[in-house]
Amino acid sequence: MKFMKIGSKPDSFKTDGNNVRYVENELASDISVNVEGSRFCLHKFPLLSKCACLQKLLSSMDKNNTDDIDISGIPGGPTAFETCAKFCYGMTVTLSAYNVVATRCAAEYLGMHETVEKGNLIYKIDVFLSSSLFRSWKDSIIVLQTTKPFLPLSEDLKLVSLCIDAIATKACVDVSHVEWSYTYNKKKLAEENNGADPIKARDVPHDWWVEDLCELEIDYYKRVIMNIKTKCIIGGEVIGEALKAYGYRRLSGFNKGVMEQGDLLKHKTVIETLVWLLPTEKNSVSCGFLLKLLKAVTMVNSGEVVKEQLVRRIGQQLEEASMAELLIKSHQGSKILYDVDLVQKIVMEFVRRDQDSEIEIIDDDDGFEVQEVRKLPGILSEASKLMVAKLIDSYLTEIAKDPNLAASKFIDLAEIVTSISRPAHDALYRAIDMFLKEHPGITKGEKKRMCKLMDCRKLSVEACMHAVQNDRLPLRVVVQVLFFEQVRAAASSGSSTPDLPRGMGRELRSYGTYGSSRSVPTVMEDEWEAVATEEEMRALKSEIAALKLQEESGRKSMDRAGVTAISKMRSLIMSKKIFGKKSQVQSKERGEKNNGGGGGGSDSSESLGSMNAVEETAKTATPSRNLTRRVSVS
């Protein structure tokens, strides 16, 4: 730290109790100056020769025949006034980065300018600042910190702006010109570098100044970073590292993604300022840091503009995020655990990057300007898309554990990434299974939409074995899984596709049109979406167990067992379908008989036709007479 000594006479200020200060001198004091409860018994000549303010005050006091002056409003209080008074007496005064601002502001208050006397205190302080303190990195930061209590005077004197410019200029200096010091043991450093000079052996990092600026208050910090950015020398990555370091230092618990109790308004100011200072360069700030900022913004209830800015930035680099970082707590008062809507906005922003259009203005033949929209090719790599799809699958699995989460929120988020092709759907299946487990009361329509998200052909063998025994899935999905597993087994063994009942393969392969406007009887659709009963699942599990046991005996026998399992499941579905239709017809007949009337013959004929239609449907849908007979009896 640098300092300056002014004056040559010894310090002769003494204390006489009761906050009375005087100069030990042969001459009696002839002026009394009161400063915030402290009384200074001094002499007029040395003071009036350098202080224009005291000259004016004393001239007005002479009319009242009094020598008592009160200057309680002087910046820096008694300490700063005593420094100025010692300078007037020619006594030795030591100025440093810690007291130079207070002394400068007090000298300004007293009017110690060059117009009063050459070589006055203000001139000497200004020379000391420009030639010494502003050339020192540490001293410049200390001086800037000490200007805070003296606002707005320190601002008017340009002390703040001069400090900020000095700090920003030094931060932008080429690292080869930076004198870098280490807190390591120098002897140990020399051993690590084979006896070489540790200062020369270790390169100075480009962000060497980051930690020191964390000592500044947020308003000064903002101005320093803005000054650094305007010089266009420091890259965005270094600015981003500086903002990250400041957030970790100033916000308790920020590194862990939480906000500890404290001054909420102060935390809010810091967070919003950090967001405002984010560099515009892509990937200048990590996605993890942006998500922590978003969590903090949610906790301190910042405005929507701040949230939208962060959502846009996170969406541009979502592939870098982890599942834990996406778990943003909902605001107080919300029933659901995590803010799914916010994550949905982020994912939509990510997908939107691949769907941007470019507007080009062209001139037509008549000379009028016409806007033409040209679709740009996707800017997202397949690797980035796949990473985001896996990230959302993991996120869905986690939020599915929340019993208060609506199925629509789960489905809406999952549907955003359905356009991304994934090699496997095991993670998505786990998420769907977790949701069905925690939400047994969802509607058939919601379950239908949810299962439509999953492609059974992309499930692994382990996932297929779990799915066909999963009593939470609709029958359609169970049969589809079993069918496609047998198709895959046949393909791997080189045999032909398993021979299936007529029409059944077409229905199973129509997974892509699941939920479309196909001409399918209502009762059949309902039975497809129904969940298997305990007896039906027990029967199917026995077939799966047989599949496992026969796997060692050869692929062909396993294929036949698989077809048997599919056929039995088909029988279960058909029995439920026919029984359901017969029940509907019989209920209709009973109702019409109870009503009576002359239209009985016509109604009976219509019911009979309906029964024939049911039997005809059963015949055309089943593979053999044996299967038809078995279904009809049941």
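The chain has 30 helices and 9 strands, where helices (H or I, at least four residues) and strands (E, at least two) are DSSP runs numbered from the N terminus. This is a predicted model, in which local features need pLDDT of at least 70, side-chain atom pairs count only at pLDDT 80 or more, and totals for chains, interfaces and linings use all residues. Residues are numbered from 1 along each chain as its sequence is written, and side-chain values use heavy atoms, with hydrogens and water left out.

**Whole chain**

- Of the 634 residues of the chain, 46% count as buried; buried means under 20% relative accessible area, exposed over 50%, and partly exposed in between (1.4 Å probe, protein chains only).
- Among contacts (heavy atoms within 4.5 Å) with a separation of 6 or more, 70% join residues 24 or more positions apart.

- Helix 12 covers residues 218-230, 13 residues, and reaches 18 Å from its first C-alpha to its last. This is close to the 18 Å expected at 1.5 Å a residue, the expected span being 1.5 Å times one less than the number of residues.
- I218, Y220, Y221, V224, I225, N227 and I228 are the buried residues of helix 12.
- These buried residues pack against helix 6 (137-146), helix 8 (159-171), helix 11 (210-213), helix 13 (236-250) and helix 14 (264-276).
- C232, with a positive phi near 55°, follows helix 12.
- The largest nonpolar core has 156 residues, of which W209, L213, Y221 and I228 touch the most other members. Such a core is a set of buried Ala, Val, Leu, Ile, Met, Phe, Trp, Tyr and Cys residues joined through side-chain atoms within 4.5 Å.
- Leaving aside neighbours within four places in sequence, L213 is in contact with W137, I141, I167, Y221, V224, I225, I228 and Y246.

- An open sheet of 5 strands runs in the order 2-3-5-4-6, with mixed pairing; two strands pair if DSSP finds at least two bridges between them.
- Strand 2 (13-15) and strand 6 (68-70) are the edge strands, each with a single partner, so one side of each has no neighbour in the sheet.
- On average, neighbouring strands of this sheet are turned by 25° against each other, direction ignored. Axes are lines fitted to C-alpha atoms, for helices over the stretch in contact, and angles run from 0 to 180 degrees between N-to-C directions.
- Strand 2 pairs with strand 3 (residues 20-23) in the antiparallel sense over 3 bridges, and K14 stands opposite Y22 in strand 3.
- Helix 2 (residues 52-61) packs on the sheet, touching strand 4 (31-35) and strand 6, and its direction makes about 130° with that of strand 6.
- Helix 3 (residues 77-89) also packs on the sheet, touching strand 2, strand 3, strand 4 and strand 5 (38-42), at about 10° to the direction of strand 5.

**Aromatic pairs**

- The structure holds 6 aromatic pairs. Rings of Phe, Tyr and Trp (its six-membered ring) pair if their centres lie within 6.5 Å; planes under 30 degrees apart count as stacked, over 60 as edge-to-face and the rest as tilted.
- The F40 and F81 rings form an edge-to-face pair, because their centres are 5.1 Å apart and their planes at 70°.
- F40 lies in strand 5 and F81 in helix 3, so the pair ties together parts that are 41 residues apart in sequence.
- F40 counts as buried at 1% relative accessibility, and F81 counts as buried at 1%.

**G111**

- G111 lies in the loop between helix 4 (100-110) and helix 5 (121-131), and counts as buried at 9% relative accessibility.
- Leaving aside neighbours within four places in sequence, G111 is in contact with K50, C51, A52, C53 and V116.
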